[in-house]
Amino acid sequence: MQGYKKLDSAEVSESLPIDFSSKYSENFPKLLKALGVSLVVTSYHAHSVMLIRSKDGKLNCGVKKFIRPMGVTVSKDRLTISTAYRVLDFKASPQSYETVQQGSLDDLTAMSKKLQDKERDNDAFLTMRKEQIAAIKQSDVLYTERASLSTGMINTHDIAWGDEGLWVVNTSFSCLATLSPEYGFKARWKPPFISELTPDDKCHLNGMAMLNGAPRYVTTFNTTDEKDSWREELNGTLIDVKTNELLLTGLCAPHSPKCHDGAVYLCDSGRGQVIRFDPLNHTKNVVCTLPGFTRGLIVFGDLIIVGTSKMRRSDAVQTYPLAKQMQPDETQCGIWVLNKHNGEIISHIIFSGDVEQLYDIAVIPESTYPELMSADDAVSAHLFEFSKELVNEKI
């Protein structure tokens, strides 16, 4: 069973073996409140999805446990997450939300006997269920798990919904793929230098930028057609999916490309940079340099929201310029809000506990305090979201 624990910035979870404590700029919760949004952040290192929310002028971090969550994509009524072997799709659930708000689920013993289970309904289950109901009652929108697709360990990185369904970066097979119930994945595009689709993580294809409902740009760590070659040779690229052109080379472990106002924003992660690339005149500018491995980026109006991760102590990263500029202990795991036009830091969160690695960040619109319930959560057995289409009744 997946546990849930609400954590304020200075609170340490008693039920989870990870300290999610953080320090944040005073204006961070005010900024989220003013924008009417919240953030969802994935940390494969902590096996957690974090909901960064604002309430009563303070920042709140709701934590949900998943196995190695990576890519996340959000729309007004949908939130989709990739994990180690599956992709999970959550939808905003107004019926379930209203049922909880009305108190209809408070007393389990008042429900139909078929909805009760003597073996399941032990003290631990009832306590968890009570905590989850209380969490939903504090929220302003509830997302519940509606679908799950098994992919195998394709090492899914970025994900996004497009005109042809859900697109994923299949890093193991060095390709872009779409998902459907019929297959683990459908390979749709591979870099021109990749010869065969084999699970060899050849160039570490990881980032995907969507444009007009389809993938348009990707990032890779190099251009080599050999198993795990990126661990030995770094020559990061930005590639045009439509033309197969290598627009940028010489990047250092790039991630998280996004299209916005005719430009491509991406992380030159091994340098701790956010860069802006103009596809028309092929110019590249550094927006900002941050004290960590930049990864996870979203452009929201005039703001850039980007994550940084701590540098790991391993041979694979010793060639990163960031490793030559800073010691691993000097780098920071955090979330930064930047002025898109000049790179000025407007606000930030620094994780001061055990969280060291972030992968992806997305904005949840029109919600400052969302809640997320997976199919494994205690209260989910009694959350019913349905449509009424009775053929024998006039509706």
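## Close-up views of a predicted model

**View 1. Leu 303 sits in strand β23.** Welcome to the first stop in this predicted model. Leu 303 counts as buried because its relative accessibility is 12%, under the 20% limit. Beyond neighbours within four places in sequence, Leu 303 is in contact with Leu 35, Ile 298, Val 337, Leu 338, Lys 340 and Ile 346.

**View 2. The largest nonpolar core has 26 residues.** Which of its residues touch the most other members? They are Phe 28, Leu 39, Met 50, Ile 52 and Ile 335. At least two core residues come from each of α1 (27–35), β3 (38–43), β4 (48–55), β5, β23 (303–309), β24 (334–339), β25 (345–351) and β26 (361–364). As a general point, nonpolar side chains in soluble globular proteins tend to be buried together.

**View 3. Ile 52 has contacts with residues including Phe 28, Leu 39 and Ile 335.** With neighbours within four places in sequence set aside, the contacts of Ile 52 also take in Leu 32, Ser 38, Val 41, Leu 59, Asn 60, Cys 61 and Ile 349.

**View 4. Helix α1 has the buried residues Phe 28, Pro 29, Leu 31 and Leu 32.** These cover an arc of only 160° around the axis, so they lie on the same side of α1. They pack against β2 (22–24), β3, β4, β5, β24 and β25. Which exposed residues does the face turned away from the buried side carry? Look there for Lys 33 and Ala 34. After α1 comes Gly 36, with a positive phi near 70°.

**View 5. Ile 67, Tyr 85 and Met 153 make a nonpolar surface patch of about 350 Å².** Ile 67 is found in the loop between β5 (58–65) and β6 (72–74). Is Ile 67 buried or exposed? Ile 67 is exposed, because its relative accessible area of 54% is over the 50% limit.

**View 6. Thr 243 lies in the loop between β16 (236–240) and β17 (246–251).** Its relative accessibility is 46%, so Thr 243 counts as partly exposed. For a sense of distance, take Ser 195: Thr 243 is 48 residues from Ser 195 in sequence and 17 Å from it in space, C-alpha to C-alpha.

Definitions and conventions:
Residues numbered from 1 in each chain as written. Predicted model: local features only at pLDDT ≥ 70, side-chain atom pairs only at ≥ 80, totals over all residues. Heavy atoms only, no water. Patch = residues over 30% accessible without salt bridge, like charges linked within 9 Å, V, L, I, M, F, W, Y side chains within 5 Å. Areas by Shrake-Rupley, 256 points an atom, 1.4 Å probe, with all protein chains shown as cover. Salt bridge = Lys/Arg side-chain N within 4 Å of Asp/Glu carboxyl O. Helix = DSSP H or I, 4+ residues; strand = E, 2+ residues; numbered from the N terminus. Buried < 20%, exposed > 50% of the residue type's maximum accessible area, 1.4 Å probe, protein only. Core = buried A, V, L, I, M, F, W, Y, C linked by side-chain atoms within 4.5 Å. Contact = heavy atoms within 4.5 Å. Arc of directions from axis to C-beta.
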